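The following report describes selected features of the structure shown below.

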Amino acid sequence: MAEREGNLTPPRRQPVNWQSEQYYDKELLDNELERVFDICHGCRRCVSLCNVFPTLFDLVDGSETMEIDGVDKKDFHNVVDECYLCDLCAETKCPYLPPHSWAVDFPHLMLRAKAQQHKNKETRARDRIIASTDQVLPFFATPGIANLANAASKAKSLRKLSNAMFGIHDQAPLPQFTSKTARKRFKNWSTENSEHKVAIYVTCYGETVTPEIVGALANVLRHNDVEVDLLHDAACCGVPKLELGDLPGVQKQMEKNLELFASKVQNEFKIMSVVPSCTWMYRRELPLLFPENEQVKLISEAMVAPFEYFAWLHKNNLLKTDFPASLGRVTYHASCHQRTQNVGLKTRDILSLIPETEVTQLERCSGHDGTYALRSESYAAAQKISRPVVRRVRDSKPDTWGSDCPMASNLIESELTEPDLRKEHPIEMLARAYGLDK
Ligand code: SF4
Ligand code: SF4
């Protein structure tokens, strides 16, 4: 019987067998790449999602046979290098995920190819350094260094030098560090006992670049009588290492946080972060990489996106809805790793509770995607991907705009020619509507 596209059984991502020898067999990988690329060539649904599929289809269409067998396997890495593992193709488009017998899981196939590259030491030193966020970000947030780093990021000559020497594009928006980290700002944070508890996974980015968003989240939770604990000592979630295919590195990061997070879960805390990718990692990816690990499973079930939690409070009549301030026209960008958590449009729903507030939601990739927008070789593609989002932010003439992903909003902001448009993280918008920004 012919197999239908789509069926009544929901698609299910399968565990990644990355510790087996076969996972690193080059011939097996090439055969699997050829098989899946051929299916994608016949399907082409994902052509507008990222630069992976146009790269693949150009290779096929430019080959002698105009089929996948005409593409030199050596060129497969051109396709792999464009993938930043956002999961959008698998989670929002692909009808051929298991249980379909074609069993296409495009991001996990890209991950396997990256893991082989990493194992064969084919990754660049630059990428290995950027992926060490646990060391790099705190260094740049050191007093004295933070101001220098921020000034250097605006000095054209230095940026050109770093483009030439390190392959960091001279136009790419770099994070602005603060030596007044979340740990320093919220040192004497006291928590009140409550039936509802949230541990905020501060994350390396929240600690050193966006502590004000961490503070806004804590304030909104406490305003709604939720007990808050800040996990400053938690290590990087490992997403940068995942992007590099460094799966042993991902395991190390996972193990560093296991006891801390598990102890919070045992004490009935939910865990959330202000960076969707970090939440996504614990929620969606680590359980597939470590399917036997019961603690990872428990932690993944306790991970929750901030607005998903606010929506839960609202559903249970626990969210305060007396907002002294309105926001006007809000343009909200739903980032890829927010969308692929499959929690629905909770940010839009909660912001829409605020009086005289009209929310426009954008669901398109911003193009930032980890280090993709920073690297010299992919910056132009990132810019191209971001263009429709930038245009829609501009055309919506918002009173305020923002993305759940602080990095995505940096790229969008760098492409906007209207410097006066107010940028806020949606959590900061909510805090302002509550009057907690004073
Ligand atoms: S995971 Fe994201 S970047 Fe990779 S192929 Fe799919 S949509 Fe493109
Ligand atoms: S990933 Fe799936 S939906 Fe996307 S082009 Fe390939 S087969 Fe089609």
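## Backbone geometry

In this predicted model, Pro99 is found in the loop that runs between α4 (88–93) and α5. The peptide bond leading from Pro98 to Pro99 is cis, and its omega is near 15 degrees.

Asn317 is placed in the loop between α17 (306–315) and β4 (328–333). Most residues other than glycine have a negative phi, and most peptide bonds are trans.

## Domains and the contact between domains 1 and 3

The domain assignment divides the protein into domain 1 (22–119), domain 2 (125–166), domain 3 (182–304) and domain 4 (318–433). To the contact between domain 1 and domain 3, each of these two domains gives 11 residues. The centres of domain 1 and domain 3, taken over C-alpha atoms, are separated by 32 Å. The size of an interface is often given as the accessible area lost when the parts come together. For domain 1 and domain 3 the buried area is about 890 Å², with 57% of it on carbon and sulfur atoms.

Between domain 1 and domain 3 there is 1 salt bridge. Glu91 and Arg284 form a salt bridge in which the closest N and O atoms are 3.1 Å apart. Across the interface of domain 1 and domain 3, 3 residue pairs are in polar contact, with both residues at pLDDT 80 or more. On the side of domain 1 that touches domain 3, α5 supplies the largest share, 5 residues. By class, that side of domain 1 comprises 6 nonpolar, 2 polar and 3 charged residues.

## Surroundings of ligand 1

Which residues surround ligand 1? They are Leu49, Cys50, Val52, Phe53, Cys83, Tyr84, Leu85, Cys86, Asp87, Cys89, Phe106 and Pro107. The elements that contribute two or more residues to the shell around ligand 1 are α2 (52–61) and α5 (106–119). The shell around ligand 1 consists of 11 nonpolar residues, no polar residues and 1 charged residue.

Around ligand 2 lie Ile39, Cys40, Cys43, Arg44, Arg45, Cys46, Phe53, Cys94, Pro95, Tyr96 and Phe106. Helix α1 gives the most to the shell around ligand 2, namely 3 residues.

By class, the shell around ligand 2 has 9 nonpolar residues, 2 charged residues and no polar residues. Phe53 and Phe106 belong to the surroundings of ligand 1 and also to those of ligand 2.

## Salt bridges

How many salt bridges does the count come to? The count comes to 25 salt bridges. One salt bridge joins Lys26 and Asp30, whose closest N and O atoms are 2.9 Å apart. Lys26 and Asp30 are separated by about one helical turn because they are 4 residues apart in helix α1 (residues 26–43).

Definitions and conventions: Residues are numbered from 1 along each chain as its sequence is written. Chains are lettered from A and ligands numbered from 1 in the order in which they are written. This is a predicted model: local features need pLDDT of at least 70, side-chain atom pairs count only at pLDDT 80 or more; totals for chains, interfaces and linings use all residues. Side-chain values use heavy atoms; hydrogens and water are left out. A residue is near a molecule or strand if one of its heavy atoms lies within 4 Å of it. Ala, Val, Leu, Ile, Met, Phe, Trp, Tyr, Cys and Pro count as nonpolar, Asp, Glu, Lys and Arg as charged, and the others, Gly among them, as polar. Domain bounds come from an automatic or database domain assignment. Contact means heavy atoms within 4.5 Å. Buried area is the accessible area (1.4 Å probe) that two parts lose on being put together, summed over both. A salt bridge is a side-chain nitrogen of Lys or Arg within 4 Å of a carboxyl oxygen of Asp or Glu. A polar contact is a pair of N or O atoms within 3.5 Å; within protein, one must be able to donate a hydrogen and the other to accept it, and residues adjacent in sequence count only if both atoms are side-chain atoms.
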